[in-house]
Amino acid sequence: LALLWHDRLLKAVRKRATRGDPQSVISAIDHFCRHNEWAMNVGDEKGSILDSVVSEVNPEKVLELGTYCGYSTVRIARLLPPGARLITLEFNVDYAAIARQVIAWAGLEDKIQLVEGASEDWIPRMKEHFGIETFDFVFLDHWKDRYLPDTKLMEDCGLLRKGTVLLADNVICPGVPDYLEYVRNSLSYKSCYFKSHLEYTKAEDGLEKSVFLG
Ligand SMILES: O=C(NC/C=C/[C@H]1O[C@@H](n2ccc(=O)cc2)[C@H](O)[C@@H]1O)c1cc([N+](=O)[O-])cc(O)c1O
Ligand SMILES: [Mg+2]
């Protein structure tokens, strides 16, 4: 059933969005999720906060944990400077297949590398497999119980440098209490909360921006 729903999402994108126009892909997904069937994309309201943080950081190397349908992948990649690269990790093969088509429709394939597998397996391989020393920006939007262990894993693998920005979705709903407690109390991070709403609803949710201090 999930796959059928995702096919309807793809049809909506193909119908409403213009090939090669990322903004129209974003609007098409938001329209579908607001008027047809809710989905756990970061959405338009939190998405514009994401946009402003990405524009401020202007990153060369980006890691996204949790591609899902590729909505935030397209949102981020459309703002990246030429030559910048986004690696996005997706565990579910069905979601990955949808995301690849969404990314292709937006015309952003050459900026994005979608990797299928678990974050804990791929984070330790960023250097030898992708030649990545450190990331400038990380967007966390995957399983909520993985935010903290994966952040510690990125630290241990030396993938964070002084000034790397972590931006975490859903810090209120569904919530990531252990991650929040860590980044807000650790001396290695400067953290701040951007209050917003859960995608396509009136419930509170927000993004936590945490700068690694080295
Ligand atoms: O649960 C949520 N997100 C979990 C996302 C998980 C995604 O991350 C991938 N992944 C990729 C790599 C991995 O290693 C593990 C999973 C999974 O295959 C899935 O595509 C969520 C829930 C609500 N909600 O309102 O309930 C709202 C949101 O914005 C959410 O993000
Ligand atoms: Mg989310």
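The model discussed here is a predicted one. C33, at 3% relative accessibility, likewise counts as buried. A disulfide requires two cysteine sulfur atoms within 2.5 Å, and by this rule the structure has zero disulfides. The cysteine sulfur nearest to that of C33 belongs to C69 and is 7.5 Å away, so C33 is in no disulfide under the 2.5 Å limit. C69 is in no disulfide either, the nearest cysteine sulfur being that of C33.

The sheet may be considered next. Seven strands form an open sheet with mixed pairing, in the order β3-β2-β1-β4-β5-β7-β6. From one strand to the next, the twist averages 15°. Within this arrangement, β1 (residues 61-65) and β2 (residues 85-90) pair in the parallel sense over five bridges, and K61 stands opposite R85 in β2.

Helices pack on this sheet. Helix α3 (residues 43-57) touches β4 (135-140), β5 (160-168), β6 and β7 (204-212). The direction of α3 makes about 150° with that of β6. Helix α8 (residues 147-156) also packs on the sheet, where it touches β1, β4, β5, β6 and β7. The direction of α8 makes about 165° with that of β5.

D141 is in the loop between β4 and α8, while D169 is in the loop between β5 and α9 (171-175). The pair thus links distant parts of the chain, 28 residues apart. Both D141 and D169 are buried; for D141 the relative accessible area is 14%, which is under the 20% limit and therefore counts as buried.

D141 forms one with K144, the closest N and O atoms being 3.3 Å apart. D169 belongs to a network of salt bridges that links K46, D169, E199 and D205.

In the whole structure, a search finds 17 salt bridges. One of the pairs joins the side chains of E37 and R8, with an N to O distance of 3.0 Å. E37 lies in the loop between α2 (22-35) and α3, whereas R8 is in helix α1 (residues 2-16), so this pair ties together parts that are 29 residues apart in sequence. E37 counts as partly exposed at 25% relative accessibility, and R8 is also partly exposed, with a relative accessible area of 40%.

A further salt bridge is formed by K195 and E204, whose closest N and O atoms are 3.3 Å apart. Are these two residues buried or exposed? K195, at 60% relative accessibility, counts as exposed, and E204, at 34%, counts as partly exposed.

Conventions: Residues are numbered from 1 along each chain as its sequence is written. Chains are lettered from A and ligands numbered from 1 in the order in which they are written. This is a predicted model: local features need pLDDT of at least 70, side-chain atom pairs count only at pLDDT 80 or more; totals for chains, interfaces and linings use all residues. Side-chain values use heavy atoms; hydrogens and water are left out. Two strands pair if DSSP finds at least two bridges between them. Helices (H or I, at least four residues) and strands (E, at least two) are DSSP runs, numbered from the N terminus. Axes are lines fitted to C-alpha atoms, for helices over the stretch in contact, and angles run from 0 to 180 degrees between N-to-C directions. Contact means heavy atoms within 4.5 Å. Buried means under 20% relative accessible area, exposed over 50%, partly exposed in between (1.4 Å probe, protein chains only). A salt bridge is a side-chain nitrogen of Lys or Arg within 4 Å of a carboxyl oxygen of Asp or Glu.
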